[in-house]
Amino acid sequence: MSHAPDWDLVVAGAGPAGSIAAREAARRGLRCLLLDARKFPRLKPCAGGISPRARGVLRRLGLWDKVAAAAYEIQGIRLGGPSGRETTLVGAGSAVVLDRPRLDALLAAEAVAAGATFHDGQRVLGAVREGGRVAGVRTDAGDARARWVVAADGANTRFSTDPRPRHVLHSCMAWFAQFPFRPHVLQMFFDADLAPHYAWLFPEADDRVNVGLCVEADRHTGTPIREVFRRFLERHYAAELSRARPLGEWRGHPLVVTDSIEHHAAPGVLLAGEACRLVNPATGEGISYAMESGRLAADFVADALRDREAPLATAKRYERSLRWHIEPGLRGGELFRRWGIRLIDPLVRLGQNPWFRKWAKQAPVGES
Ligand SMILES: Cc1cc2nc3c(=O)[nH]c(=O)nc-3n(C[C@H](O)[C@H](O)[C@H](O)COP(=O)(O)OP(=O)(O)OC[C@H]3O[C@@H](n4cnc5c(N)ncnc54)[C@H](O)[C@@H]3O)c2cc1C
């Protein structure tokens, strides 16, 4: 027996993809339920870097001012290449860092303010299927039936039907207080040991940083990622760590990356964010793609319900739209992952060149 759906849209997962999907759907007048397995605010292992691309998405959503007001501004980069050389370049602010407990709580609150219902601490167990389509979700508190589902439950999604092998990066990160660093300058080290990926230090406040790395899953077969991270910390930050105070445990989380859009939707369900692998294969950037796909998913659901479009047609149009808006960035990332590491040392040498520094109005090397 089939029941009338309780909701127009159920969104599984309240990361950036899910909260933006719920907010935009509620703003379009849909009855929307947003579910997250964890109680908010919750920790998500992530450096919290809001890239220029993410800033553009937030601007278009009308959320940039709120995020920027809570975030820490970045005005420069200390860049290390595979040769061990490094340079620091500073300039106008182009990115910000906001720790994920605060970013995600802010975006979920925006969804609620727009009219979505948010149940945190409610785990989605899988899809309710009916008549050849997804018709809601099963949760640990019972079924929630819906006309559409947006699956935004991250790297370990329960909704993907993508048969392609997963391309996974491994990560490990830690947070510190009293860690000496140059304020408003982030740090990236493309060590030979990590190539083609890198390690970072992202300042979250004048007295708090996160430090981490990501590498191909098979980059250090047999060596635990924590050991790779320990060696990195020893190489770069032995002096700083003798003064710093660790905040909490080291954390790891898989990054599921791709450079092509496939299998991202099916009748009744649109996948958004990392649930459909929308993470840059070179940089690991995923917040901008998550928010953008969440917004697109909400728009496509709202249009489909308004126009009574067949679910398969909606799914196909959504996939085409992801290809148009998001795939080029992922493809660029894949090119950089394959070839970009060769550019880092020449870039560092340019950054060290006194003529370039004078022209770019940078302090001479060694001064800041
Ligand atoms: C170490 C690390 C550093 C990173 N740094 C950056 C960075 O600086 N900048 C950047 O842009 N990207 C970064 N990323 C990538 C970024 O974190 C992700 O791409 C982004 O969080 C994806 O957003 P999302 O909303 O799709 O999924 P998530 O943010 O993973 O959110 C998924 C949500 O779903 C919930 N959930 C999971 N399973 C269930 C379930 N069964 N039922 C209900 N809820 C569920 C989770 O609790 C979570 O809240 C980093 C990733 C890692 C691992």
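This is a predicted model: local features need pLDDT of at least 70, side-chain atom pairs count only at pLDDT 80 or more; totals for chains, interfaces and linings use all residues.
Where is the place of Glu 274? Glu 274 lies in the loop that runs between strand 17 (269–271) and helix 6.

Glu 274 is buried because 29 other C-beta atoms lie within 10 Å, and 20 or more are enough to count as buried. Leaving aside residues up to four places away in sequence, Glu 274 touches Gly 154, Ala 155, Val 256, Val 279, Gly 286 and Ala 290. A further pairing can be given as a distance: Glu 274 and Leu 255 are 19 residues apart in sequence, and their C-alpha atoms are 8.0 Å apart in space.

Two packed helices are described by the angle between their axes and the distance between the axes. The axes of helix 1 (residues 16–27) and helix 6 (residues 287–307) come within 7 Å and cross at roughly 30°. This crossing is right-handed. On the helix 1 side, the residues in contact are Pro 16, Ala 17, Gly 18, Ile 20, Ala 21, Glu 24 and Ala 25. An α-helix has 3.6 residues a turn, so residues three or four places apart point the same way. From helix 6, the contact takes in Ile 287, Ala 290, Met 291, Ser 293, Gly 294, Arg 295, Ala 297, Ala 298, Asp 299, Val 301 and Ala 302. Counted by type, the residues of the contact between helix 1 and helix 6 are 12 nonpolar, 3 polar and 3 charged.

How many residues does helix 1 have, and how many of them are buried? Helix 1 has 12 residues, of which 11 are buried, and the helix is mostly covered. The buried residues are Pro 16, Ala 17, Gly 18, Ser 19, Ile 20, Ala 21, Ala 22, Arg 23, Glu 24, Ala 25 and Ala 26. The cover over them includes helix 6, together with strand 1 (7–12), strand 2 (32–36), helix 2 (52–61), helix 4 (100–113) and strand 9 (142–151). In length, helix 1 reaches 16 Å from its first C-alpha to its last, close to the 16 Å expected at 1.5 Å a residue. Just after helix 1, Gly 29 takes a positive phi of about 90°.

Helix 2, one of the elements covering helix 1, holds Arg 60. Arg 60 is exposed because 12 other C-beta atoms lie within 10 Å, and 12 or fewer is the limit for that class. The C-alpha atom of Arg 60 is separated by 9.7 Å from that of Glu 292, although the two residues are 232 residues apart along the chain.

Arg 245, in strand 14 (residues 245–251), is another exposed arginine, so classed because it has 12 C-beta neighbours inside 10 Å. Apart from residues up to four places away in sequence, Arg 245 touches Phe 176, Ala 177 and Gln 178. Arg 245 and Thr 87 are 158 residues apart in sequence, and 26 Å lies between their C-alpha atoms.

Some backbone details remain. A cis peptide bond joins Phe 40 and Pro 41, with omega about -5°; Pro 41 sits in the loop between strand 2 and strand 3 (49–50). The peptide bond from Ala 195 to Pro 196 is also cis, with omega near 5°, and Pro 196 is in the loop between strand 11 (185–189) and strand 12 (198–205).

His 263 has a phi near 55°, a positive value in a residue other than glycine. His 263 is found in the loop between strand 15 (255–257) and strand 16 (265–266), and counts as partly exposed because it has 14 C-beta neighbours inside 10 Å. Lys 361 likewise has a positive phi, near 55°. Lys 361 lies in the segment after helix 9 (354–359) and counts as exposed because it has 8 C-beta neighbours inside 10 Å.

Notes:
Residues are numbered from 1 along each chain as its sequence is written. Axes are lines fitted to C-alpha atoms, for helices over the stretch in contact, and angles run from 0 to 180 degrees between N-to-C directions. Helices (H or I, at least four residues) and strands (E, at least two) are DSSP runs, numbered from the N terminus. A crossing is left-handed if the near helix is turned anticlockwise from the far one by less than a right angle, and right-handed if clockwise. Two residues are in contact if their C-beta atoms, placed from the backbone, lie within 7 Å. Ala, Val, Leu, Ile, Met, Phe, Trp, Tyr, Cys and Pro count as nonpolar, Asp, Glu, Lys and Arg as charged, and the others, Gly among them, as polar. The expected span of a helix is 1.5 Å times one less than its number of residues.
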